[in-house]
Amino acid sequence: QVQLVESGGGLVQAGGSLTLSCVASGSIFGINAMRWYRQAPGNERELVAAIISGGPTNYVDSVKGRFTISRDNAKNTVYLQMNSLKPEDTAVYYCNAYLLDANRRWRDYWGQGTQVIVSS
């Protein structure tokens, strides 16, 4: 079984910073992409940032220059450093990993989400 567990969410004032972490554990035989999504009330889930195993990253325009995604392959962990936070960043943030599991199939796995609230 594979589990993704996020941490690091919380309440922060506008202009502040938070770092989210997500650890993938279980029967994992390889991880390709790791991503952060977010979903605000009444909105669809959107891709915030992604990092591929070789290192390329991409970001949604609204967070470019403020958020940084990184990963530690040895620890199966992905991070999201969030700076200059804005109230519109308030959402539940979800970790996603596209990985090779014990069934030797590549598939997406999701974490349970961590709440980020940015007060104005």
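A disulfide is a pair of cysteine sulfur atoms within 2.5 Å. With that in hand I went looking, and I came away with 1 disulfide.

Before going on, a note to myself: this is a predicted model, where local features need pLDDT of at least 70, side-chain atom pairs count only at pLDDT 80 or more, and totals for chains, interfaces and linings use all residues. I number residues from 1 along each chain as its sequence is written, and side-chain values use heavy atoms, with hydrogens and water left out.

**The disulfide**

I looked up which cysteines are joined: cysteine 22 and cysteine 95, with S to S at 2.1 Å. The pair links distant parts of the chain, 73 residues apart, with cysteine 22 in strand S3 (residues 18-26) and cysteine 95 in strand S9 (residues 91-101). Strands here are DSSP runs of E, at least two residues, numbered from the N terminus.

Next I checked the handedness. The torsion about the S-S bond is about -80°, so I wrote the disulfide down as left-handed.

Are these cysteines buried or exposed? Buried means under 20% relative accessible area, exposed over 50%, and partly exposed in between (1.4 Å probe, protein chains only). Cysteine 22 has 0%, so I call it buried. Cysteine 95 is buried as well, at 0% relative accessibility.

**Asparagine 32**

I then moved to asparagine 32, which sits in strand S4 (residues 28-39). Asparagine 32 is partly exposed, because its relative accessible area is 27%.

What does asparagine 32 touch, leaving out residues up to four places away in sequence? I found Ile51, Ile52, Ser53, Arg71, Tyr98 and Trp106, taking contact as heavy atoms within 4.5 Å.

Last, I checked serine 62: its C-alpha atom is separated from that of asparagine 32 by 24 Å, and the two residues are 30 apart along the chain.

Terms used: Helices (H or I, at least four residues) and strands (E, at least two) are DSSP runs, numbered from the N terminus.
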